[in-house]
Amino acid sequence: MKFSYLHVAITAIDLLSRGDGTNGFAVHPHHHKAAAATAITRSNRQISSSSLFESAADIDVNGDEQAAAATATATTATAVEADNKETEPSSSGDELEKVPEELVEPDPNVLLLASLTDPVPEAGHSVESRETKTGTIHTLTVHLGQPGHPDPLVFQTGRIGRQAAGAVVLTRGDSVVYSTCARDNEPKSKINFAPLSVEYQERFSSAGMTSGGFNKRDGAPAEHEILVSRIIDRPLRPLICDGWKHETQLLNWVMSYDGERGLEALGATAASAAMFISDVPLMKSVAQVQVGLIDDTFIVNPTNAQMAASRLNLIVAGTKDAVLMIEGAADFLPEKTMIEAVSLGHSVIGTICDGLDAFRAVAGKPKKLDTIPPPIDGLQDAVNTLMTERVDASMDMRGTKKEREAESGPDGEMYIYCVEEMLKKFTEEEYGPGITNAIKAALKKLVSNRMYNKAKTEFKRMDGRALDEIRKIDIEAGMLPGVHGSALFTRGESQTIATVTLGDKGMRKRMDNVVGKGFKRYYLQYSFPPSCIGETGRVGGVKRREVGHGNLAERAIQPALPTEDVFPYSLRVESLITESHGSTSMASVCGGCLALMDAGVPIERPIAGIAMGMLLENNEYTSDDDAYVVSDILGNEDALGTMDFKVAGDKDGITAFQLDIKCEGLSVKTMERALEQARVGRLHILGEMNKSVDKYRAELPATVPRMATFSIEESGIGKVIGPGGKTIREIIENFGLSNMDVGEDGTIQLSGFSTEKLTEAQEFVKKLVEGGGGRGGPRKDRPKYVGPDAVLGETYTGKITGIKQFGVFVEILPGPEDGSSPGLEGLVHVSELHTERVRNCEGFLRAMNTEELTVKYVGNDKGKIQLSRKAVLEAKLEAKEATK
């Protein structure tokens, strides 16, 4: 019998796919195959999962992955054993035929790459149109021609959503995304930007699931849906024709999900197709693909199982001519590998864009260009003549950001003067209400051109720095004494206070999406209050920009974190931006890493981040040899330049990256130059960080709870938890624990501030499971009340001794002064606190601002004193009514 790696994979997957989600976890049938393969490939050093924005190394998905991996390994061993038996020597004494050593423990990556050898259709596309009773249906089929990707992308329009400006249904395998593009009829003349909004929703029904919410309805967008909305928006917005002022909306729904591959690139490609065939003036086709890396093999649109073992998770967006956006995470990969991955992704994008061009030729609507105002003759020349000297002088200004913006900011004196002077010649009566924005746009273009000219002639920037110069860096670690870890990171006029909180499993962040439910052990939360730019504004809900920046910083740091078996804590990083003038997300990377090291998290490879910019003579064209790359960009260079390229990593490789372009694309040659310049800048920042914190703290701060982790037999879980959780609550209380987590696989995590108590609790739990020990821990005989009995029906005024959710404990009779015995204590149930309903005991008593309550002794239930404040209040009301 011949035995192959593929046979091992199929055997393992088949065994797991017959499971029913045991160990208390619900696994949807669509996900069995992917989950099984993922279990085989799961390792301690993972950077990717099915989602670009959720790291598999940090998500504890519902399902015992270790048990699944063990099952897969056992299956492999069984198969090899069976193969061995077939080659056992006969009774004649023939020599045993040796099984090749590599078959005993097959490389899991080889299993994942096995499908890449299967034949796939050649790259290409076809368009089909057919008439129906309701109209013409157009279908585009695109074959990517990539190994491991046999399923074509099938675009269809004309059947669903015909009242939208553009509607596309995109199918890949059994995954289906429905995208629409719609616009208002009238433009908004007084705005100076393209009013585009994007929404993306993964419907739970697409995977045969229902939302876990109370009303079982898909609600507000989850964090990962916001992030996908952003990667749809970012490459499309720069390509919409300048002057487009119609409110435009892209809506995207995942209608069916097969659990095989990630959905980000699929949803983004469907959205761009819907806009491309609509009358919204997107003049070039745009597509997105995902690229993974296993060993030295790149994979386009990899399966979820392949992504779980990938060292790279890259999303590339672009036209067939140039790259528009990249986003992703990596496991300390060199710059050369990144360039190769982007080049491969862009080549596949060209295949999709060729198909979309053919699709638009038969299904597209004429672009609506009649409401886009034409350029005003002579305006740019007039602005150049009037303002060039003043613009050049503003670039030589020094001082604070606020002082410079008073002159050259969007609402500064320079813009006010320009508008006033230009309106004398270009009046609103002649050119309409949009003339003011046109004047500002002309001045903005002039400033951008003069920035480029300064870089070209002087190799200097608007703040006087060299093109590759990093602003001054100042660091103070451990600045907040009460938190677990903290760092103040200042680079120029960008500043963040980063803090770290360490906790047990109860602090993990809950995840709920179409892939399944799970928890994130590590997460970073980014806040950008209006005060950091000297403004006032609404404070409350998290903005989409905050979600995106926080996620980028989170992914940048993640590869440097220790695994859970090395460092069992959950980690929450917060970055509060206190000053902003360029690249606060990368400041969050630096500050967050420093705060983690200050908290004692064993980070051996510190991470730093830097934002790169690019200056072009003409922003309407793709980058070329005349492009000037600048390091550590200012806010002005971000707003007026053509590139925002954020790169994070350590001295040896990249961990996260994000590229946005405002021109029509970026050449790979220029990207290679930017990456090398970013590497040099990153090394400088790491050097400055090392001067402040050269090693993580040797001991955890005293404010961090200590951890103890051990395992019990699964059959003993019920004993530990007890009826309704009674036993586990008593263990927590009696041993003074902060928390106690019991996993489905029998893993128990204890947390508390006393190492001695943790040891005692661990010993008690083990005895409890083995059959010894009492319920909830060792109980000592408590001293009893000694004194006169309370009189039933009497009213007492006593001090409050305890507040619980279910009621308040009150001492109605005091104990002796020497403290030899306690006072007589009773419970005022929450329903007996007031004549009206009390929803929160603690809040109610805090509002009363009292340490005593007057209560009535109303009963005794098996020695437990029952008290009522409600009865006292009702008696007062009755007495008051009687006197009327």
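Q: Which residues line the largest cavity?
A: This is a predicted model, in which local features need pLDDT of at least 70 and side-chain atom pairs count only at pLDDT 80 or more, while totals for chains, interfaces and linings use all residues. Residues are numbered from 1 along each chain as its sequence is written, and side-chain values use heavy atoms, with hydrogens and water left out. A cavity is a set of points, on a 1 Å grid over the protein atoms alone, where a 1.4 Å probe fits but cannot get out, and a lining residue has an atom within 4 Å of a point. The lining of the largest cavity consists of Ser394, Arg404, Ser408, Met462, Asp463, Leu634 and Asn636.

Q: How much space lies in the largest cavity?
A: The structure contains 6 cavities of 30 Å³ or more. Volume here is the space filled by probe spheres set on the grid points, which are joined across faces, edges and corners. For the largest cavity, this space is about 60 Å³.

Q: How many helices and strands does the protein chain have?
A: Helices (H or I, at least four residues) and strands (E, at least two) are DSSP runs, numbered from the N terminus. The secondary structure of the protein chain amounts to 22 helices and 31 strands.

Q: What percentage of the 884 residues in the protein chain is buried?
A: A residue is buried under 20% relative accessible area, exposed over 50%, and partly exposed in between (1.4 Å probe, protein chains only). Among the 884 residues, the buried share is 51%.

Q: In what order do the 7 strands of the open sheet lie?
A: Strands of a sheet pair through backbone hydrogen bonds, either parallel or antiparallel; two strands count as paired if DSSP finds at least two bridges between them. The pairing in this open sheet is mixed, and its 7 strands follow the order S2-S3-S4-S5-S6-S8-S7.

Q: Which strands form the edges of this sheet?
A: An edge strand pairs on one side only. The edge strands are S2 (124–132) and S7 (196–202).

Q: Which residue of S6 stands opposite Arg172?
A: Strands S5 (residues 166–172) and S6 (residues 175–183) are antiparallel and share 7 bridges. Opposite Arg172 stands Ser175.

Q: What angle does the direction of helix H5 make with that of S7?
A: Axes are lines fitted to C-alpha atoms, for helices over the stretch in contact, and angles between N-to-C directions run from 0 to 180 degrees. Helix H5 (residues 223–236) packs on the sheet and touches S7 and strand S8 (248–256), where contact means heavy atoms within 4.5 Å. The angle between the directions of H5 and S7 is about 140°.

Q: At what angle to S3 does helix H8 run?
A: Helix H8 (residues 335–363) lies across S2, S3 (135–143), S4 (153–157) and S5. Relative to S3, H8 runs at about 165°.

Q: Which residue in S5 is the bridge partner of Gln156?
A: S4 is largely enclosed by the rest of the structure, because 4 of its 5 residues are buried. S4 is antiparallel to S3, with 5 bridges, among them the pairing of His138 with Thr157. S4 is also antiparallel to S5, with 3 bridges. The partner of Gln156 in S5 is Val169.

Q: Why is strand S9 largely enclosed by the rest of the structure?
A: Ala287, Val289, Val291 and Leu293 point one way from S9, whereas Gln288, Gln290, Gly292 and Ile294 point the other way, and all are buried. S9 (residues 287–294) is therefore largely enclosed, its buried residues being 8 of the 8.

Q: Which residue of S10 stands opposite Leu293?
A: S9 pairs with S11 (residues 312–318) in the antiparallel sense over 6 bridges, with Val289 opposite Val316. S9 also runs antiparallel to S10 (residues 297–300), joined by 4 bridges. In S10, the residue opposite Leu293 is Phe298.

Q: Is Asn301 buried or exposed?
A: Asn301 is found in the loop between S10 and helix H7 (304–308), and its phi is positive, near 50°. Its relative accessibility is 5%, so Asn301 is buried.

Q: Is Asn849 buried or exposed?
A: Asn849 lies in the loop between helix H21 (841–848) and strand S30 (852–861), and has a positive phi of about 55° although it is not a glycine. With a relative accessible area of 69%, Asn849 is exposed.

Notes. On a 1 Å grid over the protein atoms alone, a cavity is a set of points where a 1.4 Å probe fits but cannot get out, and a pocket is an open set with protein on both sides within 12 Å along at least five of seven lines; lining residues have an atom within 4 Å of a point.
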